[in-house]
Amino acid sequence: MLKILVRRLVSALFTLAFVAVVVFAVAEALPGDACTAYLGRLAQGERLDNCRASLDLDQPAAKRFVHWARDLAQGDLGNSLKRKKPIEEIVGPRFRNTVILGTVAALIGIPLAIVLGVFAGVYRDKIPDFVISGVSLLAMTIPEFVIATLLIFVFAISFQWFPAVTILPTDAGIREILPNIVLPVITLAFVMTAHILRITRASVIDAMHSEYVKMATLKGVPFRRVVFRHMLPSALLPTINIVALTIAWLLSGVVVIEKVFNYPGLGTLIIQSIFDRDLPLVQAIALMFALIYIAVNLIADLLVILLNPKLRSQVSGEGG
Amino acid sequence: MENLSAGVVMPGCGPLPILRNVSFRVLPGETLGLVGESGSGKSTLALTMMGYLSEGLVKLGGDVHFGGHSMFEAGTGTLQALRGGEICLIPQNAGQSLTPTMTIGQQIDEALMLHTDLSPRERKRQVVELLEQVRMPEPAVIARRHPHALSGGQQQRCAVAMALAGRPRVLLLDEPTTGLDVTTQVHILELLRELAKSRQVAMVFVSHDLGAVARVSDRIAVLYSGELVEIGPSTRILKSPEHPYTRGLLASIPRMDGARVPEVLPGYPPPLAGPRERCAFAPRCSAAKDPCTAGRPALDVRGERYRVRCHFRRDELDDPGSLVRPSTRPRNGVPASSLLEVRNVAITYSRKSLLSRFTGKEDRARVLTVDDVSFTVHRGETIGVVGESGSGKSTILRAIVGLQPPCRGDIRMEGSRPLDDRVDTRPLACKKEIQLVFQNPDSSLNPRKTVAEIISAPLELYFGMERGPARERAAQLLQSVRLTEHYLDRTPGQLSGGEKQRVGIARAFAAEPKLALCDEVTSALDVSVQAAVLDLLSNLQREMGVAYLFVSHDLATVRSVADRVLVLYQGRICETGPVESVFAPPFHPYTGALMRAILEPDPDRRPRVEIKDTVESAPPRQGCPFQRRCPHKPGKICDREAPPAQELANGHRIYCHLSPAILHS
């Protein structure tokens with residue numbers, strides 16, 4: 001187990017380094033830099049040179065990258081070029097907001113998806129399955145911003161039940177945030193439920209056709225017990241990974257939805273920082289996203305190993 | 001106790017019966033063997049006895065009676081009480097039928113909880129007792145294990161224990177020993193026989209293996225294409241069967257008493273669809289006459305509890321003596337020159353540790369899957385390789401084709417030419433000489449390619465043929481494996497198991513090899529199809545002079561095709577020599593145990609259980625590989641020293657510390 005963990009952590013480190021290089025290169029490749037973005041039409045001549053000199057932008061890219069990487073290794077993310085503040089201070093509250101939105105959506109969406117998926121799988125090709133599968137297919141095919149816009153149109157504009165956009169300071173308290181995020185949460189839950197549901201349904205159908213479920217039935221085990229004791233523990237294993245991916249997706253700033261609802265999370269921040277050519281900020285956020293993906297997937301994989309008796313014994317060496 | 005008459009329909013294009021008016025009765029304490037080829041509906045029949053129909057199946061008519069209940073009319077509650085309680089199933093593949101996420105103990109406990117009134121503590125004791133009854137070592141430990149941590153034989157025992165938990169009156173056994181090694185098979189069958197006797201349980205034993213059925217059954221029912229063709233006392237059916245199908249089936253089984261390719265039952269079973277106006281077996285029956293195609297014969301009562309579905313009586317049919325026709329297969333004379341030489345080969349799957357890779361020293365901790373194996377294949381001869389699963393048979397083949405480089409020893413073609421360790425560095429001409437026929441034609445033929453493409457691939461590769469000529473040659477090759485050119489444009493999915501295996505053989509022969517490696521080529525096939533494939537292989541050998549390395553766990557099959565035999569245990573040779581010598585005393589203790597464990601469709605033959613069926617994961621560090629399971633172990637010497645090769649007549653060699661005189665008895 002420890003061996004796997006170490007191996008995975010080492011490979012995570014390489015992934016992060018790779019992401020850092022790619023993000024830096026992409027940001028460099030964008031036309032313009034922080035100074036042209038900041039100065040706008042005035043960006044020329046001496047003014048531009050001064051600005052660049054003050055931000056060290058006149059140095060060659062490779063040199064800047066080495067500097068940045070060295071600081072990063074020491075835990076220093078650097079300063080935002082535009083806001084002239086340490087990046088931690090900018091990212092911190094934004095990340096908290098994203099976590100709040102993601103957590104609420106996950107708490108609603110994941111259990112809902114699993115329950116509906118199991119239900120559809122067990123009653124495959126019956127009416128509940130048709131309804132559930134149909135709606136989930138719809139949710140998967142319609143882009144999330146369309147759903148978001150529809151929800152805004154119906155519930156914010158026609159009925160005026162919920163606010164259309166969140167107009168909140170970045171450091172608002174949870175109590176203030178919650179009533180404001182009903183629509184984004186519904187949108188997120190809708191989209192993620194569809195994905196998890198499809199995977200759950202497929203793996204439940206597989207398990208329902210397995211020899212061991214047939215055997216349990218022929219052992220005289222009542223249907224509900226067959227489902228809960230024999231089928232579900234194996235059927236839900238594959239869903240762990242897709243749930244992990246969904247959580248990573250939620251935490252790494254659901255950019256489009258945050259933008260539509262103007263939610264002060266990481267997603268809106270990264271868009272803004274790209275507009276500003278605020279390179280250190282973009283890099284920091286991108287690295288964070290990568291870190292979240294790696295961490296969540298690692299946790300999911302370890303969980304699968306722990307829950308699957310077959311893998312568990314391969315790792316710890318119980319029997320053959 | 002039961003009177004069953006069930007017909008089943010497939011919905012869709014009208015009723016497509018899988019079972020047609022089957023009825024029989026099983027008395028308490030009696031064992032009925034249900035035999036038939038794959039697709040004959042025997043598993044479906046077994047499940048209908050529990051009132052269970054697989055998805056898509058519908059009952060057409062008839063009913064199953066058990067005790068006072070009708071299994072198809074009983075309510076859910078009654079069914080749940082009967083299933084697993086009164087009537088229990090022991091499934092074909094216990095490994096897949098045990099729930100992977102529950103421990104063995106939990107699963108047996110569940111059966112107890114549902115079908116007895118025991119308290120949790122009593123149940124816990126009972127679980128251990130049940131596991132003890134099926135002779136599991138360390139039952140308390142096993143109960144805490146998950147199914148995947150057990151061997152195939154152990155899983156099957158757990159399934160038996162679980163079935164016994166409900167104190168059943170009827171046990172349904174759906175191919176319970178298929179896929180197990182002979183020694184394991186014998187253990188399980190003896191266990192079932194004893195349990196049936198001591199507990200007065202009725203058993204319905206479904207199997208395609210007449211040898212296993214012969215061992216346990218009081219009566220035998222033969223199923224052909226969904227209908228009973230013959231049912232009666234087992235001695236009578238095995239010794240003097242009346243129905244031509246039963247006779248053909250018995251004749252197609254390779255026997256230990258003679259080196260001959262078994263009789264081939266021509267043709268295939270008819271499709272299940274459509275009304276049946278004639279005898280279902282008529283198209284394949286050598287004795288078919290006019291009445292056979294004119295009307296469907298009825299089950300004719302021919303004695304006490306003996307019925308046959310045939311228009312004719314036994315004496316009205318052809319001479320039944322033709323069943324024991326002597327061998328037609330000419331034995332090869334003294335083989336010419338050596339083709340493949342394997343010298344002191346050792347193979348390991350474990351990788352060298354980092355340290356020993358640096359120091360270049362031999363890693364002592366490494367487990368050698370195969371060690372010190374040497375043999376020679378001569379031109380045009382067949383070498384049989386036998387051994388239980390895990391004996392390294394397939395590993396040796398992998399080394400010869402260059403998929404698994406040996407870590408010691410060398411492999412040479414034609415006496416002098418050494419073969420490269422890895423297949424990708426071997427020259428094309430060298431690859432061409434050695435071809436492989438795989439065990440499982442389902443997974444070794446690309447399902448998206450047509451038969452023509454599959455067979456043309458080696459033609460294009462080795463002979464640089466153009467598409468057109470390759471296709472013509474492919475058609476010729478198909479003919480030589482007894483398939484018509486209509487098959488050229490089919491995909492493997494449209495072929496039956498036997499047909500697929502023929503395509504696999506045709507592909508191997510397309511390269512015109514000097515040596516064909518046959519890895520368990522018939523073990524996935526029905527006996528009648530197996531007979532056809534064996535016949536084909538021996539004909540091809542006669543025509544093309546190819547040599548075979550024929551790997552199989554089935555000793556009777558090896559007996560029928562091989563010239564010389566290698567007996568392997570844990571990747572070490574135990575015994576080698578001409579087939580007649582190896583299959584006759586003196587035996588190596590391991591060969592002897594295997595031989596005596598063989599089940600033959602002969603009611604008078606009793607297999608002997610000599611060795612434990614425990615699976616060894618690794619060979620012992622030193623001494624004789626068979627030391628832990630040997631029934632005749634003479635002493636400590638076996639643990640210390642590798643057994644010497646004892647030369648007997650005709651190149652027969654036994655690796656054992658015991659003298660041939662002792663081994664002879």
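Why does Glu600(B) count as buried?

Modeller: This is a predicted model, and what follows should be read as such. Glu600(B) counts as buried because its relative accessibility is 12%, and the cut-off for buried is under 20%. As for its place in the chain, Glu600(B) sits in the loop of chain B that runs between α23 (589–597) and α24 (637–640). Setting aside neighbours within four places in sequence, the residues in contact with Glu600(B) are Gly211(B), Ala214(B), Pro254(B), Arg255(B), Met256(B) and Arg605(B).

Over all chains, the structure holds 29 salt bridges. One of them pairs Arg284(B) with Glu37(B), with 3.8 Å between the closest N and O atoms. This pair links distant parts of the chain, 247 residues apart: Arg284(B) is in the loop between α11 (244–251) and α12 (290–294) of chain B, and Glu37(B) is in the loop between β3 (31–35) and α1 (42–48) of chain B. Both Arg284(B) and Glu37(B) are buried.

Asp442(B) and Lys500(B) form another salt bridge, their closest N and O atoms being 2.3 Å apart. Asp442(B) belongs to helix α16 (residues 441–444) of chain B and Lys500(B) to helix α19 (residues 497–510) of chain B, so this pair ties together parts 58 residues apart in sequence. Asp442(B) is partly exposed, at a relative accessible area of 48%, whereas Lys500(B) is buried, at 11%. Elsewhere in chain B, Arg236(B), Glu242(B), Asp300(B) and Arg302(B) are joined into one network by salt bridges that share partners.

Next, the nonpolar interior. In soluble globular proteins, nonpolar side chains tend to be buried together. The largest nonpolar core in this model has 101 residues, and the members that touch the most others are Phe24(B), Ile108(B), Leu131(B) and Leu171(B). Helix α7 (residues 152–165) of chain B gives this core its largest share, eight residues. Apart from this core lies another, of 63 residues, including Ala474(B), Leu488(B), Ala510(B) and Leu555(B). Leu131(B) itself is in contact with residues that include Ile104(B), Ile108(B), Met136(B), Cys158(B) and Ala161(B), leaving aside its neighbours within four places in sequence.

Last, the contact with the other chain. Chain A supplies 24 residues to it and chain B 28 residues. Between them the two chains bury about 2,400 Å², with 58% of that on carbon and sulfur atoms. On the chain A side, Met215(A), Leu218(A) and Lys219(A) lose the most area to chain B, and together they account for 29% of what that side buries. Lys219(A) also forms a salt bridge through its side chain with Glu110(B), at 3.0 Å from N to O. The count of salt bridges between chain A and chain B is two, and 10 residue pairs across the interface are in polar contact. In chain A, α10 (211–218), α11 (223–235) and α16 (309–316) each supply at least two residues of the side that touches chain B. By class, that side has eight nonpolar, eight polar and eight charged residues.

Definitions and conventions:
Residues numbered from 1 in each chain as written. Chains lettered and ligands numbered in written order. Predicted model: local features only at pLDDT ≥ 70, side-chain atom pairs only at ≥ 80, totals over all residues. Heavy atoms only, no water. Core = buried A, V, L, I, M, F, W, Y, C linked by side-chain atoms within 4.5 Å. Buried < 20%, exposed > 50% of the residue type's maximum accessible area, 1.4 Å probe, protein only. Helix = DSSP H or I, 4+ residues; strand = E, 2+ residues; numbered from the N terminus. Contact = heavy atoms within 4.5 Å. Buried area = accessible area lost by both parts, 1.4 Å probe. Salt bridge = Lys/Arg side-chain N within 4 Å of Asp/Glu carboxyl O. Polar contact = N/O pair within 3.5 Å; in protein donor to acceptor, adjacent residues only side chain to side chain. Nonpolar A, V, L, I, M, F, W, Y, C, P; charged D, E, K, R; others polar.
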